[in-house]
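This report describes selected features of the structure shown below. Please keep the sequence and the coordinates at hand while reading.

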Amino acid sequence: MTDRFSDRKFIIGGMIVLPMLFFLARLFFLQVIDPSYKLSADSNVLRNVTQYPSRGLIYDRNGELLVFNEPAYDLMVVPGQLAPFDTAEFCSVLDITKEYVDEEIRKAREYSMFRSSVFLKQISSRNYAVLQEKLHRFPGFYVQSRTLRKYPRDIAAHILGYVGEVDNRIIADNPGYISGDYIGITGIERTYEKELRGDKGVNIFLVDVHNRIMGPYQEGRFNKSATVGSDVTLSLDAALQEYGEKLMQNKIGSIVAIEPSTGEILSLVSAPTYNPDLLVGRVRSRNYRKLASDTLNPLFNRALMAHYPPGSIFKVVNGLIALQEGIVNERTTYSCPGHYTAGRLTVRCRHHFSPVAMQGALQVSCNSYFAHNFRAILDHPKYGSVTNGFNVWSDHVRSFGLGERLETDFPNELRGNVPLASYFDRFYGENRWRSLQMVSLGIGQGELSVTPIQMANMTAAIANRGYYITPHIMKSIENSEIDPAFKKINQTSIDSVWFEPVIEGMYRAVNGPDGGTARMAQVNGLDICGKTGTVQNPHGENHSAFIAFAPRENPRIAIAVYVENAGYGSTWAAPIASLMIEKYLAGEISASRRWLEQRMMDGDFINRARPVNTVTAAGEQD
Amino acid sequence: MSRKINIWANLDWISVLVYLILLMTGWISIYSAVYNDAHQSIFDTSQLYGKQLIWIVAALFIAAIVMMTDSRFFPFFSYFFYAFTLLMLVAVLFFGTEISGQKAWFQFAGMQMQPAEFAKMATALALAQYLSNSKQKINDPRELLNIAVLVFLPVLLIMLQPDAGSAIVFLSFMLVLFREGMSGYVLFFMFVLLILSVLALLMTEVNMILLLVLLAFISHLVLGRNIKLSLKAGLLFLLISLTVVGVFFLRSPHIQLEIKLLVAALTSCFILFFAALKIRKKYAPLLLGLLAAALVYTYSVDYVFENLLMPHQKSRINIVLGVDDDPLGQSYNINQSKIAIGSGGLTGKGFLQGTQTKFNFVPEQSTDFIFCTIGEEWGFAGSFVILSLFIFFLLRLVYLAERQRSAFARIYGYSLISILFTHIVINIGMTIGLVPVIGIPLPFISYGGSAMWSYTIMLFIFLRLDAGRTEFLK
Ligand SMILES: [Zn+2]
């Protein structure tokens with residue numbers, strides 16, 4: 001059967017042949033005419049050398065350098081370009097064995113004949129200098145320069161975090177990273193990885209048969225230069241951080257200090273800590289294993305992740321809630337016979353002036369007052385039920401940033417626990433529980449748990465009379481802005497007028513005329529306001545806790561200190577906090593308090609060798 | 001009436017020979033592309049080249065089975081097969097394995113199957129069956145609509161995966177329709193659209209106006225057949241629109257491109273309208289319509305490009321157009337590909353001597369970028385031989401298609417030619433930087449069983465039909 005379109009076969013044939021001829025012409029141009037792709041006979045190897053950018057530098061709030069980069073050299077091998085070489089000389093230059101050479105070359109061959117593998121990581125600069133001279137005798141090898149993190153002061157390991165090489169799991173989760181790349185694994189190296197890392201580049205070189213670089217391929221037309229990472233400035237005060245770490249030596253616990261008006265973290269100590277240099281370079285994996293198996297868990301960032309009941313510190317919040325809800329006023333008093341008893345329950349207090357109102361109760365940390373106070377909130381008829389009353393209380397507590405992650409710029413922060421009424425409904429049954437069973441919450445024990453950074457943030461909210469700015473460590477980033485969330489004001493549910501009586505109580509606790517619980521924290525002229533806590537610890541000695549801010553008007557620092565197994569809040573946490581405040585506000589410790597500084601630094605709760613002659617402050621209680 | 005004939009004797013052995021040469025070239029190139037000291041044997045089945053040999057042997061078996069099938073089977077089952085692949089294309093969206101963002105593969109027992117590959121074949125069979133039995137004229141709009149539905153149903157499903165590369169291949173059926181009598185204007189129209197799309201992405205507003213002027217001039221000329229008049233109209237048109245746009249707009253960067261274009265278009269329309277009046281009144285609306293359509297189209301290309309394409313698709317197109325250049329990103333692959341092919345020179349570096357294709361190169365060196373290995377190791381000589389082989393092969397198939405007595409076999413043959421042609425042009429075009437990187441393989445040469453089997457079946461169905469062309473007279 002013939003059809004009238006049969007002639008179209010010629011058109012179709014032409015449509016097939018024409019583009020193919022065009023391709024042939026293009027190929028002829030590309031392969032034969034255009035000289036730019038040609039390689040000469042004796043430099044027929046191209047080497048793509050990755051340019052690794054150096055990570056951004058990290059400064060503290062005063063412009064002091066905290067982290068910089070040091071050059072390091074990796075020896076690379078391309079098995080397909082290897083030629084026989086003098087193994088003995090090679091080994092002696094690099095201080096390696098012949099077995100190592102054979103093994104690494106075998107591994108590299110297995111990976112790829114023509115792609116480069118790392119042969120020897122981070123060769124010393126001395127070996128590098130010698131090798132440089134002799135590299136032409138070892139075809140197939142070349143040196144790849146990298147940079148490693150370096151720390152002028154061995155401080156703030158938990159804040160800075162560390163950098164490591166990506167593994168297969170990280171590559172799978174982070175597109176754009178390939179084997180051999182570095183990535184921030186913890187701390188701000190991780191949070192600000194995108195800003196710090198910069199962009200990789202590549203240089204394509206022509207290499208001759210003698211392993212000599214003949215120059216850039218095509219005048220570098222295909223090269224891409226690396227972009228260094230952005231420098232960043234932290235809100236951290238390096239001197240204060242170092243001082244805090246010294247005070248916390250041989251102790252377990254943490255210090256968090258925040259500038260209340262900005263939410264900037266001034267210091268964040270987690271003890272025990274480690275030297276950040278330990279987790280850099282070739283020694284990293286060995287040291288990491290050692291640190292990870294340490295029973296004191298130095299890698300654990302207690303400031304963000306340790307959960308403690310807040311203890312008596314929490315009386316401050318319960319006082320504020322009662323004032324806000326109109327349950328008590330400044331003049332409401334409860335009498336205290338030295339204990340609080342209801343039914344079969346007894347909460348011990350100590351002997352102090354009685355009856356007490358809000359300021360006095362905070363000054364002496366009266367358990368009876370806050371037991372009454374808390375039950376009065378829950379049982380107040382205006383809520384209709386204990387459940388409702390409890391939820392009102394719980395909502396107020398949460399408005400201080402407790403019970404949820406603060407969403408700071410640290411990657412691994414925990415949320416703590418502020419129970420809801422539903423929790424007790426499940427535990428006791430709906431409407432089967434009374435305020436009496438909850439009474440321990442009134443003095444900061446029971447189901448409550450908080451992290452040190454949450455306590456410091458709560459203190460900042462009190463110092464600000466009712467609001468906080470999410471704590472953060474990043475102050476500024478070169479060519480970029482910090483997260484706007486770190487400028488936002490978070491209001492608590494307490495009106496600012498209710499803070500004055502509570503702050504007066506905190507002031508008296510430190511500077512009070514008589515019977516203040518934290519008189520060890522008093523520093524002349526600094527107007528420190530604080531509250532001690534002694535956290536009951538069923539597993540051993542109580543934890544010593546203290547929150548404070550100073551000065552009373554226009555506060556510049558809010559701080560929380562936890563020292564595990566150290567006993568009373570007034571003996572360890574309060575003096576440490578006061579020394580930190582004094583260091584920050586005054587610049588140095590006054591001569592009259594040097595003995596206290598010495599005693600704090602000497603304190604040892606890890607090796608259990610506590611100083612014998614413990615000085616007991618008058619009326620020492622939590 | 002039917003006659004018994006010896007299909008093996010009637011088999012077009014020339015095509016089979018070229019087919020085998022291409023398969024062997026692919027096998028050897030894959031060996032060279034992924035060559036590894038530790039596995040020197042080309043028969044090592046733990047390596048890609050060993051596996052490819054298994055696919056090849058299996059493909060030959062499949063070819064033999066196809067050859068022994070009764071040729072009445074293919075038209076008879078074509079609709080059934082078409083429906084079945086549509087089902088598979090739906091199923092793969094639900095049960096397929098997701099590989100780099102595409103749900104295009106079925107995986108079972110360590111094997112992979114890509115329904116889109118078989119959809120090409122099924123559509124070719126169904127189209128041949130439909131066209132060969134249709135009583136309607138092909139240029140009848142209803143008939144064109146039917147054909148469009150038949151072809152675009154699988155395209156739609158493939159776009160959902162999403163696999164733009166495979167979907168584009170279906171456009172090649174236009175060639176078949178052209179052979180069967182579809183108006184040549186449709187092909188020309190498609191070609192103009194393609195050119196406009198490319199230009200729309202490259203152009204600034206000034207160039208766009210020049211383009212519109214050129215278009216107006218050509219249409220004016222075609223319709224009026226008066227070169228002097230057209231030149232006058234075109235020149236006037238150009239001058240006035242450039243002046244208007246130049247004076248009022250180009251100096252103010254605050255005015256949106258759209259507004260500039262709108263003004264340019266309105267001015268142009270106005271001028272053109274008067275120019276057209278001088279030719280023949282009845283053409284004026286047509287001219288205006290054409291111009292407006294071209295304007296809307298060029299603008300919509302920009303819109304689609306900016307708003308609807310994925311970033312990687314954008315960057316692939318930009319690289320081919322030379323718009324942006326990032327050596328480590330998309331264009332890194334193209335650069336490396338060009339370096340590899342370019343460094344091959346006239347005669348190449350020799351077997352296993354290619355370094356570029358093995359060294360820090362694109363990941364798809366044995367599949368989509370296999371042509372680089374050929375270009376690098378065998379030079380222009382090798383490229384020439386392979387391209388010539390392909391040209392010869394395609395022309396041979398055209399010859400075979402034309403000698404068919406049944407419309408079914410001829411239409412199917414042209415479908416096969418169109419599909420192979422599109423693959424070859426896109427694949428080689430992308431390795432030399434003339435076509436955006438669309439992940440489709442080079443037929444018979446790239447690594448991979450699924451595609452190779454699919455092309456083998458497609459080819460041998462045609463060769464079977466050809467061998468039996470004298471069996472039945474239609
Ligand atoms: Zn009391």
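The sections below take up chain A and then chain B.

## Model and confidence

The model is predicted. Chain A has a mean pLDDT of 87, with 94% of its residues at 70 or more. Over residues 609-621 of chain A the pLDDT stays under 50, and the model has 25 contacts beyond four places in sequence for this stretch. Where pLDDT is low, the predicted coordinates should not be read in detail.

## Overview of chain A

Chain A has 622 residues, of which 57% count as buried. Its secondary structure comprises 21 helices and 20 strands. Among contacts in chain A with a separation of 6 or more, 72% are between residues 24 or more positions apart.

## The five-stranded sheet of chain A

Five strands of chain A form an open sheet in the order S12-S11-S20-S19-S18, with antiparallel pairing. Its edges are strand S12 (264-271) and strand S18 (529-535) of chain A, each of which pairs on one side only. From one strand to the next, the twist averages 5 degrees.

Within this sheet, six bridges connect strand S11 (residues 253-259) of chain A with strand S20 (residues 557-563) of chain A in the antiparallel sense. Ile255(A) has Val561(A) in S20(A) as its bridge partner. Helix H19 (residues 499-511) of chain A packs on the sheet, where it touches S18 and strand S19 (543-550) of chain A. The direction of H19 makes about 75 degrees with that of S18(A).

## Strand S3 of chain A and its partners

Strand S3 (residues 65-77) of chain A runs antiparallel to strand S2 (residues 58-59) of chain A, and two bridges join them. Tyr59(A) is opposite Leu65(A) in S3(A). The hairpin of S2(A) and S3(A) has five residues between the strands, and Gly63(A) takes a positive phi near 80 degrees there.

S3(A) also pairs with strand S5 (residues 141-150) of chain A, in the antiparallel sense and over 10 bridges. Another partner of S3(A) is strand S4 (residues 117-123) of chain A, again antiparallel, over four bridges. Leu75(A) takes part in both pairings: its bridge partner in S5(A) is Val143(A), and in S4(A) it stands opposite Leu120(A). Strands of a sheet pair through backbone hydrogen bonds, either parallel or antiparallel.

Gly403(A) lies in the loop between helix H15 (386-398) and helix H16 (421-428) of chain A. Is Gly403(A) buried or exposed? Its relative accessible area is 1%, so Gly403(A) is buried.

Leaving aside residues up to four places away in sequence, Gly403(A) touches Arg398(A), Arg415(A), Gly416(A), Asn417(A), Val418(A) and Gln454(A). Pro419(A) is 16 residues from Gly403(A) in sequence, and the C-alpha atoms of the two are 8.0 Å apart in space.

## The three-stranded sheet of chain B

Chain B has an open sheet of three strands with antiparallel pairing, in the order S1-S2-S3. Strand S1 (97-99) and strand S3 (111-113) of chain B are the edge strands, each pairing on one side only. On average, neighbouring strands of this sheet are turned by 50 degrees against each other, direction ignored.

S1(B) pairs with strand S2 (residues 102-108) of chain B in the antiparallel sense, over three bridges. Ile99(B) is opposite Gln102(B) in S2(B). Helix H4 (residues 73-95) of chain B lies across S1, S2 and S3 of chain B and runs at about 90 degrees to S2(B).

## A helix pair in chain B

Two packed helices are described by the angle between their axes and the distance between the axes. For helix H5 (residues 115-133) and helix H6 (residues 141-159) of chain B, the axes come within 10 Å and cross at roughly 170 degrees. Because angles over 145 degrees count as roughly antiparallel, H5(B) is roughly antiparallel to H6(B).

On the H5(B) side, the contact is made by Ala116(B), Ala119(B), Thr123(B), Ala126(B), Leu127(B), Tyr130(B) and Leu131(B). H6(B) contributes Glu143(B), Asn146(B), Ile147(B), Leu150(B), Val151(B), Pro154(B) and Ile158(B). By type, the residues of the contact of H5(B) with H6(B) are 11 nonpolar, two polar and one charged.

Terms used
Residues are numbered from 1 along each chain as its sequence is written. Chains are lettered from A and ligands numbered from 1 in the order in which they are written. This is a predicted model: local features need pLDDT of at least 70, side-chain atom pairs count only at pLDDT 80 or more; totals for chains, interfaces and linings use all residues. Side-chain values use heavy atoms; hydrogens and water are left out. Two strands pair if DSSP finds at least two bridges between them. Axes are lines fitted to C-alpha atoms, for helices over the stretch in contact, and angles run from 0 to 180 degrees between N-to-C directions. Contact means heavy atoms within 4.5 Å. Angles under 35 degrees count as roughly parallel, over 145 as roughly antiparallel, 65 to 115 as roughly perpendicular and the rest as oblique. Ala, Val, Leu, Ile, Met, Phe, Trp, Tyr, Cys and Pro count as nonpolar, Asp, Glu, Lys and Arg as charged, and the others, Gly among them, as polar. pLDDT is the predictor's confidence in each residue, from 0 to 100. Buried means under 20% relative accessible area, exposed over 50%, partly exposed in between (1.4 Å probe, protein chains only).
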